[in-house]
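Subject: Structure for your review: salt bridges

Dear colleague,

Please find below the structure I am handing over to you. My notes on its salt bridges follow it.

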Amino acid sequence: MLLHSLIEFLTIAMAIAIFMVAWNARYYIGNNYLLLLGIAYFFVAILDSFALISHPDLDIFHCSSRNVTAQLWIAARLIEAISLLLASQFVCRPIPVKIFSWGYTAIAGLLVWTIALPNLFPGCYFSGTNIPTTFAAASQLTLILMLAAAAGQFFRQRRYLHPQISRYLQGAILLTILSESAALFLSNNEMLIDRPLHIGGHVLKFFSYYFIYKAIVKIGLSQPYHLLFKDLKKREEELSLAYQLQEERVQERTQQLQSSNQNLKREIQRRKQLEADLSASQQRLENILESLDDVVWSAEVENNSVEGITIGKLLYISHAVERIYGYTPETFQKNPCLWLQTIHPEDQEWVRQYQKIFLALGKKELEYRIIKSNGQVCWIRDRSYLIFDEAGNPVRLDGIATDITPQKQAELDRIASFKEVADIKFALDRAAIVAIFDTQGTITYVNDKLCEISQYERSQLLGSSYEKIVQLDTSSRKTCQEILAWLHGGKVWHGEIQGIAKDGSLYWVDTTLVPFTNSRGEPYQYLAIQYDISDRKRAEQELQREAFYDRLTQLANRVSFQHQLEKALQQNSGNIQNRFAVFSLDLDEFKVINESLGHNIGDRLLVDFSQRLLSCLSNNDLLARLGGDEFAILAKSARTHADTQKLANCIHQTLTAPFYIEGYQVFSTTSIGIVFSDRYTQADAMIRDADIAMHQAKENGKASHAIFDRKMRDRILNRIELENSLRQALDREEFQLYYQPIVALDTGRIAGFEALVRWQHPQRGLISPSEFIPLAEHTGLIVPLGMWILGEACWQLQKWQSKFRRPCVDPQTFAISVNLSPKQFSQPRLLEKIDYILYETGLQSHNLKLEITESALIENTTAALHLLSALKQRNIRLSIDDFGTGYSSFSYLHNFPLDTLKIDRSFTQRLGKTNNQQEIVKAIVNLAHNLNMEVIAEGVETRTQQEYLQQLKCEYGQGYYFSRPLSAQQAEKLLDSCPVW
């Protein structure tokens with residue numbers, strides 16, 4: 001606010017200067033458009049003054065408001081814009097008197113309206129906010145348009161203006177437009193006076209006033225003086241010419257009278273000698289005067305009864321005038337009144353009044369300001385004396401002018417320093433907590449804010465120890481002693497101190513302690529400037545807690561756990577006594593619980609799970625939630641395998657009881673990975689290996705734990721390497737299809753093939769599907785791989801159908817079986833892709849059989865039913881693969897349009913060994929037949945198994961008894977032999 005007020009004050013002063021120059025020079029201005037501007041800026045200064053003192057932040061008037069300030073401000077800008085627009089219309093012609101009359105009337109009305117009747121003026125801010133109204137923004141835009149019109153008119157009239165004046169006027173309007181544009185930009189935001197853009201707008205307004213001032217000075221002062229100077233120059237030339245003519249006449253007369261002047265030679269020589277002596281004496285006197293820093297002058301006197309004593313012809317002036325006034329002695333010789341014209345406008349009037357009583361006093365000694373030729377303001381002491389003749393009439397005026405600017409500036413600096421100290425004290429008492437205490441710590445001064453925050457009365461604090469309001473424990477006393485030692489050295493201390501209020505509550509203050517030193521540099525008292533930062537400290541503590549603790553479980557988070565683990569590893573440093581273990585835990589099937597029962601139940605489960613884990617830990621152990629359902633334990637108490645086994649068993653045991661959450665009974669287990677701190681220096685590496693062990697435990701089965709060894713890491717690295725190779729294998733055509741015959745058990749002939757993929761790795765050779773198919777499922781690569789298998793298998797069957805005929809290949813019943821993975825089954829455009837493959841290969845849809853696992857069907861039964869129905873409409877045969885291995889095998893068979901049921905090899909291979917297995921297979925076959933489904937038995941390896949399946953009327957068999965999986969060429973040879981089993 002201080003900067004804003006200062007700039008606004010300077011702008012008002014400049015507007016008044018415009019008016020004074022225009023008014024004083026009104027007789028010299030050829031056209032009166034600049035006088036119009038001068039008068040208009042006078043009223044602008046009045047409105048701006050009211051706007052400044054009415055600002056609510058200055059708190060001068062109780063009725064102050066931002067609306068009143070804005071109304072006065074808009075009125076001032078309106079007068080400014082209208083005056084510039086009118087002035088631009090009358091550059092080359094006089095302004096009619098009625099324009100002035102109307103203008104004065106309008107301005108007077110506007111002044112009354114805005115100053116006396118502000119409530120009738122439209123509101124400029126929305127109620128309760130600093131946001132300008134539409135009226136304020138529209139007013140600013142209108143002002144900008146008016147100023148732009150004035151600038152355009154001045155540009156068109158530039159040929160009638162002096163170039164420099166034209167530039168001043170157009171520059172002033174441009175700066176005003178920029179100032180208004182800044183205000184208009186801020187109209188979409190809260191117009192805060194301390195914003196840089198707002199301050200910049202006021203600075204631009206000041207310089208626009210300055211350019212108007214320069215234009216008026218150019219026309220009202222500079223040009224008349226330049227004309228006067230030219231006239232004086234002309235008169236001087238005329239006098240010089242007359243002098244030359246007179247000299248010629250004198251020379252002629254001298255020649256005529258030369259003979260008669262011989263008698264006068266001695267007299268002339270004597271006079272020349274006297275003149276030389278006088279000249280030498282005058283030269284010595286002049287040298288003495290020129291050596292002085294003061295201006296010494298002497299002038300004739302003109303006695304004017306109205307103006308008092310005025311200076312006539314200047315008889316002498318020293319060259320010091322050029323240093324003090326900035327003008328040469330010749331300039332003063334030509335214009336003896338120049339001394340009065342250089343007086344500062346604010347001092348001219350009273351100096352003129354004093355000049356009127358000069359005759360009665362006979363002398364004067366004044367101190368006033370002058371403006372040098374370069375615009376610099378200086379203070380001078382003017383001492384003048386009247387010289388009278390014998391009759392008592394003034395005949396000469398002698399004077400000395402001394403530059404006293406340094407003395408005046410020192411005096412002003414002292415006054416300013418006193419005011420600055422008072423202002424600083426005023427500001428500190430209102431913005432900060434202030435206290436002063438002596439070197440013994442005794443409080444000698446406190447302000448109201450300290451009394452308020454400490455809850456003590458002023459009388460209770462004065463004379464007491466500063467430690468009374470500072471929270472001191474053992475460590476802080478030590479800190480306090482260090483602070484005092486620092487202050488005794490005369491240094492400023494800054495830091496944060498915790499204070500204690502009268503009621504025992506604590507608060508934090510940002511503190512700066514400043515020592516006051518004597519002439520020997522020794523502190524004699526200290527000033528404490530403090531700011532209440534209690535809210536910030538509380539926010540920092542809350543942020544620190546959020547940064548290091550999990551919001552849901554209130555456990556340490558990953559960052560905190562990692563930090564504590566780093567510290568434990570540093571303390572370990574290979575010492576077996578400091579050995580510890582890290583547990584990585586993951587809730588089994590948490591995703592199923594979260595998605596089926598809801599995230600609120602899942603969150604409650606995580607909280608209850610963490611509480612059960614804490615019950616198994618010692619005080620030195622640390623439990624953290626790393627994210628999701630992933631937890632970690634820094635088990636400092638677990639130094640041996642027995643310790644970790646005991647802790648893991650405790651965790652598993654505590655999870656055997658169900659969780660009761662919002663009416664639900666939830667059972668949950670956890671998989672635990674364990675790693676010891678041996679050979680570890682980095683927390684990341686230890687957490688990583690514990691996580692690897694946890695995943696190994698999860699693969700081993702639910703509710704299990706595993707201790708990390710290097711083989712686990714090697715398997716992970718091998719898996720990563722295999723995954724990278726798998727991503728490139730399809731592009732490199734490293735996959736091959738093998739075909740295993742499916743035999744009709746009633747005829748013993750081949751009824752079709754199952755397409756099985758193999759990976760021929762360039763370095764590792766043939767890789768088993770059991771190794772890379774799960775990886776492809778995990779990475780999603782099974783989708784493009786599955787589509788490739790489907791296309792290749794359809795193309796191969798179409799080729800065989802065109803080559804072989806009955807009885808080896810029956811076009812109506814011979815089928816190719818292709819497995820669909822669960823990820824493929826959930827693809828949104830699966831039907832389109834299958835249709836495209838059948839179209840491209842030309843294979844009939846009834847020759848394609850898709851094998852689907854139980855898990856793919858039960859994950860989303862509604863979507864599965866919709867997709868299977870669509871496939872069935874296309875006459876594609878459907879088979880359920882690995883039947884009997886799922887946990888809900890019999891519950892969905894009657895819901896889906898399936899054609900074939902494949903008995904898993906685990907049942908087929910045990911046929912003939914136990915009656916139970918035979919009864920299970922028999923039950924499956926009967927179930928399928930009752931549902932109008934055919935049966936394929938996988939894993940047939942003996943004649944006995946084939947015969948038993950034939951007895952059960954199982955339609956098809958598949959296994960090594962008939963043939964191993966064959967390459968396309970081998971399968972083609974098998975078809976060519978047309979075998980019968």
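The paragraphs below describe the salt bridges in this structure.

Please note that this is a predicted model. The total count is 29 salt bridges.

One of these pairs Glu-346 with Arg-369, whose closest N and O atoms are 3.0 Å apart. Glu-346 belongs to helix H12 (residues 345-356) and Arg-369 to strand S3 (residues 363-371), so this contact ties together parts that are 23 residues apart in sequence. As for accessibility, Glu-346 is exposed, at a relative accessible area of 57%, whereas Arg-369 is buried, at 18%.

Strand S3 also takes part in two pairings with strand S4 (residues 377-388). In one, the side chains of Asp-382 and Lys-364 form a salt bridge at 3.4 Å, N to O. Asp-382 lies in strand S4 and Lys-364 in strand S3, 18 residues apart, and the pair links distant parts of the chain. Both Asp-382 and Lys-364 are buried.

In the other, Glu-367 forms a salt bridge with Arg-381, with 3.0 Å between the closest N and O atoms. Here Glu-367 is in strand S3 and Arg-381 in strand S4, 14 residues apart. Glu-367 has a relative accessible area of 32%, which means that it falls between the 20% limit for buried and the 50% limit for exposed and counts as partly exposed. Arg-381 is likewise partly exposed, with a relative accessibility of 25%.

Yours sincerely

How values were computed:
Residues are numbered from 1 along each chain as its sequence is written. This is a predicted model: local features need pLDDT of at least 70, side-chain atom pairs count only at pLDDT 80 or more; totals for chains, interfaces and linings use all residues. Side-chain values use heavy atoms; hydrogens and water are left out. A salt bridge is a side-chain nitrogen of Lys or Arg within 4 Å of a carboxyl oxygen of Asp or Glu. Helices (H or I, at least four residues) and strands (E, at least two) are DSSP runs, numbered from the N terminus. Buried means under 20% relative accessible area, exposed over 50%, partly exposed in between (1.4 Å probe, protein chains only).
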